[in-house]
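Colleague: I would like to learn how to read a few features from a model. Could we take them one by one?

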Amino acid sequence: MKHVRLVHAGREQWGVLSADGASVHLASGHDVAFDEAVLLPPVTPGARIFALGLNYADHSAELGFKAPDKPLVFLKGPNSLVAHGGTAWRPRDAEQMHPECELVAVIGQTARNVAEDDALAFVGGYTVACDYAVREYLENYYRPNLRVKNRDALTPLGPWVVNAADVGDPQALRLSTTINGTEVQSGSTADMVFPIARLIAYLSAIMTLEPGDMILTGTPHGVAFVNDGDAVVCEVEGVGRLAHRVELAP
Amino acid sequence: MFDHLSELAGLTFIVLSIIGEPVKHGKDGMFAGTAYGTALNDRRQVAALDPAFRAAPYKAPPQAPVLYIKPGHCVVAGGAVVALPAGCDALGIAATVALQWTVTGATAVRLAIDVSIPHDNFYRPAVAELARDGFLPVGAAIPRPADLDALEIVTEIDGETVHRWSLSNLIRNVPTLIADVAAFMTPMPGDMLLVGTAFDRPTAGAGRRIRVSARGFPALEARIAAAGDGA
């Protein structure tokens, strides 16, 4: 089941995507054509947004880093998110902005000091994110810093949250990114340095995870820069296909 | 989920009321935004660390504001109990001012205690050290004064004044910080921005009572509890 967050009839609502993907059925009983829906990122308001750096060994090597010995976790604010079909803004003074396709785990129940063996049961669903970075702004303080990772609308996320039970093994999914139809990233969630269960165990030892909290689990190799007008698609097998455009910031 | 939370909150309240420690928690609905903290905004700290900041792994002093995130779950109201994480003897107590965004902009301010596990490495995001449950007690919001540049913030521990810090120490004062942050992200109504923290902040262990005050602000109190007590 795929859960969509949207604006309809003047208010935020959640709905369920029809089997053919053509419409969204709202709790109010209304049906909205998916192509005409005003989508929002499928995020629980107030949820924490964790992201992982260097969580695929091939991407770490590409950036000149060794894979870390503990998860490189950073946080993002909701200002960074933009829905499927939205626009990510490229700053005018930076050219090295690159997409990072990521599987996102959405917590489904309160998790505190969870054992790795039990941790996947705490995932309620999955979605897809494109966790852009703008490399010109990297500085070596709390790296990756917020100016690189927490710009407004820098992180397309969606189109929906799919139930964990519908996904199967989350560590055996193909991920890919295309820019204007050309593949620039291709990998498998099998190659995560810290798999989702270990990330949940790690985070839940630090703080109490609550339903809706999201973990952006890192990206495989493939660094390609985007330009004004590019059409970018990030896809995770069995989860979703997240499309957006890039435009120069005003 | 909400039923469970309110049950839990009620139970905690009853237990702590018996030992005379009423708890108010951020999840009561007083705060729904994201709190952003500003690191390395204390002039004396950045000057003292300048040689280190020119060497690996930093290689150059910081240019843009160095921010970190304290998610809404960190926020607790004044009077709260902050639990020591297991294996930690004392927490960093950084009294500061939080700019509070409202629908009309950064128009309100509060006192805040930016609680942390002491750390002196700024290379990687310090999520485990900064973003724990309850690590941001905040006071009531009041209208933002026109000028905060000379505000002195006083920290008492168990009734004794242990620290005084003036916002005249900030590298980026409040208007400059707001402008430099706005250059790359837009705080939204409900969000907070901590203006900076003192390099010589005190630490406090289990049982200590913290009181933070500044002229014109409602005072803010918190208590540190042993691991697992009152969290």
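Colleague: Which are the buried residues of α3(A)?

Modeller: Some ground rules first. This is a predicted model, where local features need pLDDT of at least 70, side-chain atom pairs count only at pLDDT 80 or more, and totals for chains, interfaces and linings use all residues. Residues are numbered from 1 along each chain as its sequence is written, chains are lettered from A and ligands numbered from 1 in the order in which they are written, and side-chain values use heavy atoms, with hydrogens and water left out. Buried means under 20% relative accessible area, exposed over 50%, partly exposed in between (1.4 Å probe, protein chains only). Helices (H or I, at least four residues) and strands (E, at least two) are DSSP runs, numbered from the N terminus. Now the case: Ile196(A), Ala197(A), Leu199(A), Ile200(A), Ala201(A), Leu203(A), Ser204(A) and Ile206(A) are the buried residues of α3(A).

Colleague: How many residues of helix α3 of chain A are buried?

Modeller: Eight of eleven, so the helix, residues 196–206, is mostly covered.

Colleague: What covers the buried residues of α3(A)?

Modeller: Look for contacts, meaning heavy atoms within 4.5 Å. The cover includes β6 (49–53), β7 (72–76), β11 (101–107), β12 (123–130) and β17 (214–216) of chain A, and also α4 (127–130) of chain B.

Colleague: How much of chain A is buried?

Modeller: Buried residues account for 59% of its 250 residues. Chain A has three helices and 19 strands.

Colleague: How do I read aromatic pairs?

Modeller: A pair of aromatic rings is described by the distance of the centres and the angle of the planes. Rings of Phe, Tyr and Trp (its six-membered ring) pair if their centres lie within 6.5 Å; planes under 30 degrees apart count as stacked, over 60 as edge-to-face and the rest as tilted. Over all chains, the count is seven aromatic pairs. Tyr141(A) and Tyr58(B) are stacked, at 5.0 Å centre to centre and 10° between the planes.

Colleague: Why does the pair of Tyr141(A) and Tyr58(B) join two chains?

Modeller: Tyr141(A) lies in the loop between β13 (133–134) and α2 (146–149) of chain A, and Tyr58(B) in the loop between α3 (50–53) and β2 (66–70) of chain B, so the pair joins two chains. Tyr141(A) is buried at 2% relative accessibility. Tyr58(B) is buried at 9%.

Colleague: Is the pair of Phe53(B) and Phe122(B) stacked or edge-to-face?

Modeller: Phe53(B) and Phe122(B) are edge-to-face: 6.3 Å centre to centre, 85° between the planes. This pair links distant parts of the chain, 69 residues apart.

Colleague: Which residues do ring pairs link into a cluster?

Modeller: Tyr141(A), Tyr142(A), Phe53(B), Tyr58(B), Tyr68(B) and Phe122(B).
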